Amino acid sequence: MKSIVGIDGAEESLDAVRMISTLPIFHDQVVLASVVPVFQLEPEHCVSKEVLDELKKMNDEAVDKAEGVLKEASDYLGKLGIETRSEVLRGTSSASTAKSLAEFAKREQADLIVVGTRGMNPVKAFVLGSV
């Protein structure tokens with residue numbers, strides 16, 4: 001069974017990592033995924049080189065943070081004998097996080113998507129997750 005675990009570094013997403021570690025049925029293929037927003041401007045927007053440099057810096061920092069979170073989760077699961085693969089996914093806005101994860105899971109032919117919960121009642125959190 002292939003499982004996608006969406007994480008963003010929040011405690012709730014790390015709960016998803018801990019949860020998957022307790023369910024051996026999901027250990028066959030574990031793919032850790034973190035979605036980072038990509039800050040971009042359309043060509044018709046005229047901006048200075050400084051603004052473009054700042055956007056690149058923001059993109060690079062977001063990817064670095066995601067890679068660090070993925071490494072932490074991978075190391076945790078590795079100590080438990082669970083092999084993982086990690087992917088940084090790029091989204092165009094924070095609203096596209098769920099869509100990015102869903103599209104990635106479809107491409108990967110995943111059987112399960114696991115995400116943490118944040119700011120939801122227990123029923124909504126169980127059904128939707130948050131990452």
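Modeller: Buried means under 20% relative accessible area. The model discussed here is predicted.

Colleague: What makes Glu108 buried?

Modeller: The relative accessible area of Glu108 is 17%. The cut-off for buried is under 20%, so Glu108 is classed as buried. Lys2 is buried as well.

Colleague: Why is the contact between Glu108 and Lys2 called a salt bridge?

Modeller: The closest N and O atoms of Glu108 and Lys2 are 2.9 Å apart. The criterion is a distance within 4 Å, so the pair qualifies as a salt bridge. Because Glu108 belongs to helix H3 (residues 97–108) and Lys2 to strand S1 (residues 2–6), the pair ties together parts 106 residues apart in sequence.

Colleague: How do you know that Glu108 and Arg85 form a salt bridge?

Modeller: Their closest N and O atoms are 2.4 Å apart, and the limit is 4 Å, so this pair also meets the definition. Arg85 lies in strand S3 (residues 84–91) and Glu108 in helix H3, so parts 23 residues apart in sequence are tied together. Salt bridges with shared partners join Lys2, Arg85, Glu87 and Glu108 into one network.

Colleague: Why is Arg85 called partly exposed?

Modeller: Arg85 has a relative accessible area of 31%.

Colleague: What makes Arg18 and Asp15 a salt bridge?

Modeller: The closest N and O atoms of Arg18 and Asp15 are 2.5 Å apart, which is within 4 Å, so the term applies. Because the two residues are three apart in helix H1 (residues 11–21), about one helical turn separates them.

Methods:
Residues numbered from 1 in each chain as written. Predicted model: local features only at pLDDT ≥ 70, side-chain atom pairs only at ≥ 80, totals over all residues. Heavy atoms only, no water. Salt bridge = Lys/Arg side-chain N within 4 Å of Asp/Glu carboxyl O. Helix = DSSP H or I, 4+ residues; strand = E, 2+ residues; numbered from the N terminus. Buried < 20%, exposed > 50% of the residue type's maximum accessible area, 1.4 Å probe, protein only.
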